[in-house]
Amino acid sequence: MFSMQVIADFSLELLDPAHAEELFQLTDANRQHLMRWLPWVDGVRAVVDTKEFIQSTQSQWTGGEGFRVAIRHHRGGELAGVAGHYRVN
(Lines give C-alpha, C1' and ligand atoms only; values in the text may rest on other atoms or scores of the structure.)
Protein backbone atom coordinates (compact mmCIF):
# COMPACT_ATOMS: atom_id res chain seq x y z
CA MET A 1 0.00 0.00 0.00
CA PHE A 2 1.24 3.49 -0.90
CA SER A 3 2.06 5.67 2.10
CA MET A 4 3.90 8.99 2.27
CA GLN A 5 4.85 11.01 5.34
CA VAL A 6 3.80 14.63 4.72
CA ILE A 7 4.87 16.29 7.96
CA ALA A 8 5.91 14.89 11.32
CA ASP A 9 2.38 14.02 12.47
CA PHE A 10 0.58 13.23 9.20
CA SER A 11 0.91 10.79 6.34
CA LEU A 12 -1.10 10.00 3.21
CA GLU A 13 -2.16 6.47 2.29
CA LEU A 14 -3.77 5.49 -1.00
CA LEU A 15 -7.40 4.80 -0.10
CA ASP A 16 -7.94 1.07 0.28
CA PRO A 17 -10.84 -1.20 1.34
CA ALA A 18 -9.00 -1.68 4.65
CA HIS A 19 -9.93 1.96 5.44
CA ALA A 20 -13.70 1.37 5.00
CA GLU A 21 -14.73 0.75 8.61
CA GLU A 22 -12.62 3.56 10.04
CA LEU A 23 -13.65 6.01 7.30
CA PHE A 24 -17.32 5.19 7.81
CA GLN A 25 -17.02 5.76 11.56
CA LEU A 26 -15.30 9.11 10.95
CA THR A 27 -17.98 10.15 8.46
CA ASP A 28 -20.79 9.04 10.75
CA ALA A 29 -19.32 10.82 13.80
CA ASN A 30 -19.05 14.08 11.83
CA ARG A 31 -22.21 13.72 9.75
CA GLN A 32 -23.98 16.91 10.89
CA HIS A 33 -20.92 19.06 10.34
CA LEU A 34 -20.04 17.54 6.94
CA MET A 35 -23.58 17.74 5.52
CA ARG A 36 -23.27 21.53 5.29
CA TRP A 37 -20.69 21.17 2.50
CA LEU A 38 -20.88 17.60 1.24
CA PRO A 39 -24.33 16.57 -0.01
CA TRP A 40 -23.28 12.94 -0.52
CA VAL A 41 -22.87 12.39 3.24
CA ASP A 42 -26.59 11.72 3.72
CA GLY A 43 -26.31 8.74 1.36
CA VAL A 44 -23.57 7.09 3.42
CA ARG A 45 -25.53 4.97 5.89
CA ALA A 46 -23.42 1.82 6.28
CA VAL A 47 -19.88 0.54 5.89
CA VAL A 48 -20.88 -1.00 2.55
CA ASP A 49 -21.53 2.51 1.19
CA THR A 50 -18.01 3.52 2.14
CA LYS A 51 -16.59 0.34 0.59
CA GLU A 52 -18.37 1.15 -2.68
CA PHE A 53 -16.91 4.66 -2.61
CA ILE A 54 -13.42 3.26 -2.05
CA GLN A 55 -13.88 0.81 -4.93
CA SER A 56 -14.85 3.70 -7.21
CA THR A 57 -11.71 5.59 -6.18
CA GLN A 58 -9.61 2.56 -7.03
CA SER A 59 -11.17 2.51 -10.50
CA GLN A 60 -10.27 6.19 -10.89
CA TRP A 61 -6.69 5.41 -9.88
CA THR A 62 -6.25 2.46 -12.24
CA GLY A 63 -7.90 4.43 -15.06
CA GLY A 64 -5.51 7.35 -14.57
CA GLU A 65 -8.41 9.66 -13.77
CA GLY A 66 -7.43 10.71 -10.27
CA PHE A 67 -6.77 9.41 -6.79
CA ARG A 68 -7.94 9.61 -3.19
CA VAL A 69 -5.75 9.30 -0.13
CA ALA A 70 -6.53 8.73 3.52
CA ILE A 71 -4.98 11.32 5.83
CA ARG A 72 -3.53 9.60 8.89
CA HIS A 73 -2.68 11.46 12.11
CA HIS A 74 0.18 9.72 13.88
CA ARG A 75 -0.22 10.96 17.44
CA GLY A 76 -3.36 8.93 17.93
CA GLY A 77 -2.98 6.76 14.84
CA GLU A 78 -6.45 7.65 13.67
CA LEU A 79 -7.78 8.55 10.25
CA ALA A 80 -8.26 12.33 10.00
CA GLY A 81 -9.95 12.54 6.59
CA VAL A 82 -9.62 12.04 2.86
CA ALA A 83 -8.12 14.18 0.10
CA GLY A 84 -8.10 13.66 -3.61
CA HIS A 85 -7.37 14.95 -7.05
CA TYR A 86 -9.30 14.51 -10.29
CA ARG A 87 -7.95 14.16 -13.80
CA VAL A 88 -4.27 13.65 -13.12
CA ASN A 89 -2.35 14.78 -16.18
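With seven residues, β4 contributes the most to the lining of the largest pocket; strands here are DSSP runs of E of at least two residues, and helices are runs of H or I of at least four, numbered from the N terminus. The model is a predicted one, in which local features need pLDDT of at least 70 and side-chain atom pairs pLDDT 80 or more, while totals for chains, interfaces and linings use all residues. Residues are numbered from 1 along each chain as its sequence is written, and side-chain values rest on heavy atoms, without hydrogens and water.

The largest pocket holds about 510 Å³ of space. A pocket is an open set of points on a 1 Å grid, probed at 1.4 Å, with protein on both sides within 12 Å along at least five of seven lines, and lining residues have an atom within 4 Å of a point. The volume is the space filled by probe spheres set on the points, joined across faces, edges and corners. Among the 20 lining residues, Leu 23, Leu 38, Trp 40, Phe 53 and Val 82 are the closest to the centre of the pocket.

Turning to the helices, α1 (residues 20–29) and α3 (residues 47–62) pack at about 115°, with axes 9 Å apart. Axes are lines fitted to C-alpha atoms over the stretch in contact, and angles between N-to-C directions run from 0 to 180 degrees. In this contact (heavy atoms within 4.5 Å), Ala 20, Glu 21, Leu 23 and Phe 24 of α1 meet Val 47, Thr 50, Lys 51, Phe 53 and Ile 54 of α3.
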